[in-house]
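Reader: I am new to this structure and would like to be taken through it. Could we go through it step by step?

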Amino acid sequence: MAGVDLISRARAGDGEAFRALTEPHRRELQVHCYRMLGSFQDAEDALQDTLLSAWRGLGGFDGLASLRTWLYRIATNRCLTTLRSTSRRPVKEWDIPGVEPPEPTRFGEVPWLEPLPDALLDGALNLPLGPEARFEQTESISLAFVTALQVLPPRQLAVLILRDVLGFHASEVADMLDTTVESVKSTLKRARASLRRRRSTGADREPPPAAGSSSEDAIVAKFVRAYESTDIDAVVALLTDDVFISMPPLPFEYEGRDLVGRFCAGLFDAGRRFRLVLTRANGQPAFGAYVRASDGTHHGAGLFVIALTGDRIDGIELHDRVWQDRRRRLGGQTSSLQVSAARATLTGPKKHLPRRLPIGSLRYESLTISATGVLVKLRSHQGKTFRFDSLPSLL
């Protein structure tokens, strides 16, 4: 009865009632949009469009399916519209000063790929799944899996996620996509075959160590020491023979220990020195990467995400434009920046920031790193400076 009362109130225009109805599903819907689109920014936009459409269309919700299923229908179709558009993040040309990259193994097909901070996964991966689910939730959010999804045709992508990741029945998926059960089954068969071909090379790999385990911590610590000290031999020693590196939106991809070693050596030989700050993204170890300037300060360069197999690294994603894209958005959009009041404080008055901070009048000021951690500053038109001293709270 409580749910029925909330729906009635929301249909009458009660925003708080609508929020109470949808908030329990917000995080999982955001992750669903991310799986479909492979872009954190596009997923945020699709989620907002989904909630707006749900608010406007609540009068048409007939209750035959659950509210959760109805929201997934809206979100999936919003994502399909985005996938069919031509406004995805374009490929960037190589523009790292003083660094001449080796000839790449190939050119990537998914330049729009962005990592998803683990802070946004809380409550989204421990939900009860339908009986049709075939993938572990942690596997289904890994960068390798999300990348493989992105090359599927949009309809195949939607069906595979709804059926094999979330476990919806074929009849439910058919209703979401306005098609037949037979069409869903044939589409799923093609999607599974395509995904299997793309992921077959990793079938015999050792599983990664458990998140937060001493084994994972040991590999991460070795990588940080080697990379920060520009010890190329130590870096290469941590890699598998067929390690893979990519760097969206730059299209270059490298495969093999020797070639990846040459790429990293090129960065080090050009005098680039890094400081790595540990975080997590896509259920994997990740690092905020900061390049040391000539005056000794460090400036944000991007986000590294590593994939592990056994006690070795078999994949590195260098998202070398995450910070630059984020800075442009902070200065140019009128939406809201989601921040945690526990992680964001005013540098002047000793009080916490509101949970939702309007950013239309805020401008990016600086990003530095010190012994005490990451410091991001935004300035408002009143001259107040907002400090974010946690990497996940910014991402």
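Predicted model: local features only at pLDDT ≥ 70, side-chain atom pairs only at ≥ 80, totals over all residues.

Reader: Let us take α2 and α4. At what angle do they pack?

Author: Helix α2, residues 15–37, and helix α4, residues 67–83, pack at about 30°, and their axes are 10 Å apart. Angles under 35 degrees count as roughly parallel, so α2 is roughly parallel to α4. The crossing of these two helices is right-handed.

Reader: Which residues make that contact?

Author: From α2, the contributors include L21, H25, L29 and M36, and from α4 they include L67, L71, Y72 and L80. The residues of this contact divide into 12 nonpolar, five polar and two charged.

Reader: What about α4 and α6, how do they cross?

Author: The axes of α4 and helix α6, residues 154–165, come within 10 Å and cross at roughly 150°. Angles over 145 degrees count as roughly antiparallel, so α4 is roughly antiparallel to α6. The crossing of α4 and α6 is right-handed.

Reader: Which residues are involved there?

Author: On the α4 side they are Y72, T76, L80 and L83, and on the α6 side P154, R155, L157, A158 and L162. This contact divides into seven nonpolar residues, one polar and one charged.

Reader: Staying with α4, how far does it reach, and which of its residues are buried?

Author: Helix α4 has 17 residues and reaches 24 Å from its first C-alpha to its last, close to the 24 Å expected at 1.5 Å a residue. Its buried residues include W70, I74, A75 and C79. The buried residues of α4 pack against α2, α3, α6 and α7.

Reader: Changing topic, where does R272 lie?

Author: R272 is in the loop between α11, residues 257–269, and β4, residues 274–281.

Reader: Is R272 buried or exposed?

Author: R272 has a relative accessible area of 17%. Buried means under 20%, so R272 is buried. Not counting residues up to four places away in sequence, R272 touches I96, V99, T230, L267 and V291.

Reader: What is there to say about α11 itself?

Author: Helix α11 has 13 residues and reaches 18 Å from its first C-alpha to its last, close to the 18 Å expected at 1.5 Å a residue. L267, one of the residues that R272 touches, is among the buried residues of α11. The buried residues of α11 pack against α9, α10, β2, β3, β4 and β7. Just after α11, G271 takes a positive phi of about 90°.

Reader: One more loop residue, please: where is L129, and what does it touch?

Author: L129 lies in the loop between β1, residues 106–107, and α5, residues 143–150. Leaving aside residues up to four places away in sequence, L129 touches Q137, V165 and L166. The relative accessibility of L129 is 33%, so this residue counts as partly exposed. L129 and D164 are 35 residues apart in sequence and 9.8 Å apart in space, C-alpha to C-alpha.

Notes
Residues numbered from 1 in each chain as written. Heavy atoms only, no water. Axes fitted to C-alpha atoms, helices over the stretch in contact; angles between N-to-C directions. Helix = DSSP H or I, 4+ residues; strand = E, 2+ residues; numbered from the N terminus. Parallel < 35°, antiparallel > 145°, perpendicular 65-115°, else oblique. Left-handed = near helix turned anticlockwise from the far one by under 90°. Contact = heavy atoms within 4.5 Å. Nonpolar A, V, L, I, M, F, W, Y, C, P; charged D, E, K, R; others polar. Expected span 1.5 Å × (residues − 1). Buried < 20%, exposed > 50% of the residue type's maximum accessible area, 1.4 Å probe, protein only.
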